[in-house]
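Hi everyone, thanks for making time this morning. I'd like to walk you through one structure, so please have a look at the screen.

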Amino acid sequence: MTTSDTTSGAVTGENLDKLNTNLRKVEELTQRLTQVMTHRSTHNAALDGPNQELFGKAATAYWQEALRDPAKVLEHQLQFWSKSVTHFVEAQQALASGKLKAPDDPGPKDRRFANPLWDTHPYFNFVKQQYLINADAVMQAVDSVTDLDPKEKQRLGYFSRQILDMMSPTNFLATNPDALEKAVETEGQSLIDGLENLIADLEANNGELVVRLADETAFELGHNIATTPGKVVYRNRMMELIQYTPATEKVHKTPIVLFPPWINKFYILDLKQQNSLVKWIVDQGYTLFVVSWVNPDAAYASVGLEDYVEDGYLTAIREAKAITGEKHVNAIGYCIAGTTLSLTLSLLKQRKDKSIKSATFFTALTDFGDQGEFSPFLTDDFIDGIEAECADKGILPSVIMARTFTFLRANDLVYTPAIKSYMMGQTPPAFDLLYWNGDGANLPEKMAMQYLRGLCQRNELAEGGFELLGHRLTLDDIDVPVCAIACETDHIAPWANCYRGVQQFGSKDRTFIKTQSGHIAGIVNPPSKNKYGHYTNDDLSLDPEAWSASAAFHEGSWWPRWEAWLNKRSGAMVPAREPGDSTHPVLCDAPGTYVTVKAKP
């Protein structure tokens with residue numbers, strides 16, 4: 001026997017040992033997969049997408065279009081057939097030439113197909129191009145349907161895009177060159193690791209597939225995230241009130257109370273020192289209070305918007321006034337908390353209470369007349385499904401809200417992370433923003449339905465008034481100075497919809513700022529980064545398109561512009577205030593205890 005034979009035999013033995021180890025691992029993982037899927041939690045089927053009636057209506061409308069205008073439909077079919085046949089012939093010619101080379105591919109670049117093999121290898125190139133041809137044909141067919149209600153057509157388009165995104169060849173092992181290369185490189189270990197990641201995600205969410213976006217072991221609240229110094233100075237069943245430690249010797253007389261959304265947790269505004277709005281506000285010389293909302297469970301089923309207003313907003317304002325000895329506060333509301341701040345302002349106006357001196361709104365919808373990309377989720381069948389889910393659990397689980405938001409950007413927040421984790425076996429990154437994104441909060445049953453039915457579906461606040469706490473609350477009651485910031489590419493609260501709401505406010509002192517980027521990046525936009533600019537225009541009588549067309553663009557963050565606005569409404573400078581007082585003893589350090597409670601799946 002030669003030396004090479006001996007070496008070969010040893011390698012083969014090692015390979016067999018590894019193969020047996022992997023087979024045992026697969027068997028163990030299969031048992032775990034069976035276990036978690038057997039005991040997976042259930043939810044209302046309406047939350048998984050539209051029933052078949054929508055697609056049946058679409059098919060009927062398409063064929064009615066064919067009878068009415070056969071030339072138009074025939075043209076679509078011939079274009080699709082011609083592109084497919086031409087594509088097939090080109091691929092056959094490339095293979096017949098004996099050269100492993102794809103035909104020229106001048107089409108637009110798609111981030112999903114970044115691997116060079118999608119352009120250079122005839123197999124992968126054929127798969128990619130045929131997928132894009134098919135996707136284009138489907139969306140042409142959707143666009144050609146005319147006999148559908150506009151909202152139904154919008155919904156058809158949304159779910160058609162979802163299906164096309166799901167069917168991308170990048171989402172399947174046999175047609176993903178990145179995953180195949182990784183499997184060969186690691187001798188299959190990447191597939192084992194990927195299966196383990198998949199099962200771990202299923203186990204963490206009772207069988208519900210929620211792709212983990214970040215390494216959850218990399219962050220600890222109060223240690224390397226949410227670290228701005230402060231103290232919890234008040235706590236009730238709805239919230240903890242944090243007062244931040246001053247960073248300057250003197251502060252503005254009027255304190256700020258910031259209300260973050262309770263759909264997510266407040267520390268999006270305090271991720272790290274470099275981009276913390278909380279720290280930046282304190283550094284500018286303000287006494288800052290931030291509400292940290294409770295993460296509700298089934299015991300909160302009967303809690304409504306009235307409880308958030310009374311035990312959240314009004315209580316936080318009352319306690320901040322008591323601690324600082326001031327008669328007024330400047331209030332900030334972000335997203336749904338901005339919507340509810342508008343309710344609070346109307347209520348205080350009707351009660352003749354002048355506790356709020358000015359109000360700032362971050363990406364806050366108050367007029368839901370145009371529901372934008374959320375329209376597919378605000379139809380009766382989907383809301384009926386949510387109502388049934390809430391009635392069963394007492395809450396709207398955070399996993400359902402998270403899935404709704406992530407599927408608005410499915411390729412970025414669902415499929416790409418899933419490919420990396422499940423097909424390539426990669427560990428999710430240590431990314432603070434994605435960690436926060438996965439740290440969700442539940443919504444109480446009553447509050448969720450008030451919001452979805454009364455505000456979103458029926459648009460009562462902007463159209464006639466929203467009944468709460470014995471009052472009919474309206475936008476024209478809002479008469480305090482207002483500064484509203486909306487984000488140019490926001491898919492959750494489109495800037496034009498935010499603008500239309502501000503136009504209905506009764507205040508004569510209104511400022512509107514449109515910042516570049518989206519719902520999070522547009523708000524968390526520190527001046528030190530000099531990343532995104534913003535637009536201003538004093539004429540709020542214009543429609544959104546005209547306002548934008550004539551707006552002035554400014555380089556850099558909107559934060560200093562807003563602070564200059566706030567400065568004028570915050571009074572003289574006074575000695576800095578330490579958190580709490582004799583009647584408000586410090587309960588614990590920031591970020592508090594409520595923020596650490598995880599939503600149970």
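Let's start with the cysteines. Keep in mind that this is a predicted model. Cys-456 is buried, at a relative accessible area of 5%. Cys-588 is buried too, although its value is 19%, and that counts because the cut-off for buried is under 20%. How many disulfides are there? The count comes to zero.

Now to the aromatic residues. Searching the whole structure gives 26 aromatic pairs. One of them is Tyr-123 with Phe-124, an edge-to-face pair with 4.9 Å between the centres and 65 degrees between the planes. Are these two residues buried or exposed? Tyr-123 is partly exposed, with a relative accessible area of 40%, while Phe-124 counts as buried at 8%.

Another edge-to-face pair is Phe-362 with Trp-562, where the centres are 6.2 Å apart and the planes make an angle of 75 degrees. Phe-362 belongs to strand β7, residues 356-362, and Trp-562 to helix α19, residues 559-567, so this pair ties together parts of the chain that are 200 residues apart in sequence. Both partners are buried: Phe-362 has a relative accessible area of 0%, and Trp-562 has 1%. The two rings also belong to one aromatic cluster, together with Trp-280, Tyr-334, Trp-558 and Trp-559.

Staying with rings for a moment, please find Lys-514. Which rings does its charged end sit over? One is the ring of Trp-495, with the charged end 4.4 Å from the ring centre. The other is the ring of Tyr-535, at 4.7 Å from the centre.

Lys-265 is in the loop that runs between β4 (256-259) and α9 (277-283). Is this lysine buried or exposed? Lys-265 is buried, with a relative accessible area of 7%. Its side chain makes a polar contact of 3.0 Å with the side chain of Asp-439. If we set aside neighbours within four places in sequence, Lys-265 is also in contact with Asn-295, Trp-436, Gly-440, Val-595, Thr-596, Val-597 and Lys-598.

Asp-432 is in helix α15 and counts as buried at 9% relative accessibility. Not counting residues up to four places away in sequence, Asp-432 touches Phe-219, Ile-225, Leu-271 and Lys-272.

That helix comes up again when we turn to α13, residues 398-406. Eight of the nine residues of α13 are buried, so the helix is largely enclosed by the rest of the structure. The buried ones are Ser-398, Val-399, Ile-400, Met-401, Arg-403, Thr-404, Phe-405 and Thr-406. What covers them? The cover includes helices α12 (380-393), α14 (410-423) and α15 (432-437), along with strands β8 (395-396) and β9 (443-444).

In soluble globular proteins, nonpolar side chains tend to be buried together. Here, the largest nonpolar core has 87 residues, and Phe-259, Trp-262, Phe-361 and Phe-512 have the most contacts inside it. Which element gives this core its largest share? That is helix α10, residues 305-324, with nine residues. Leaving aside neighbours within four places in sequence, the contacts of Phe-259 include Val-291, Trp-293, Tyr-313, Ala-316, Ile-332 and Tyr-334. A second, separate core has 46 residues, among them Ile-268, Leu-269, Leu-277 and Phe-362.

My last stop is Leu-343, in helix α11, residues 336-350. Leu-343 counts as buried, at 0% relative accessibility. How far apart are Leu-343 and Leu-461? In sequence, 118 residues lie from one to the other, yet in space they are 8.1 Å apart, C-alpha to C-alpha. Leu-343 touches Leu-461, and it also touches Leu-305, Phe-466, Leu-468 and Leu-473, again not counting residues up to four places away in sequence.

That's my tour, and I'm happy to go back to any part of it.

Note on methods. Residues numbered from 1 in each chain as written. Predicted model: local features only at pLDDT ≥ 70, side-chain atom pairs only at ≥ 80, totals over all residues. Heavy atoms only, no water. Phe/Tyr/Trp six-rings, centres within 6.5 Å; stacked < 30°, edge-to-face > 60°. Buried < 20%, exposed > 50% of the residue type's maximum accessible area, 1.4 Å probe, protein only. Helix = DSSP H or I, 4+ residues; strand = E, 2+ residues; numbered from the N terminus. Lys NZ or Arg CZ within 6 Å of the ring centre and 35° of its normal. Disulfide = S-S within 2.5 Å. Polar contact = N/O pair within 3.5 Å; in protein donor to acceptor, adjacent residues only side chain to side chain. Contact = heavy atoms within 4.5 Å. Core = buried A, V, L, I, M, F, W, Y, C linked by side-chain atoms within 4.5 Å.
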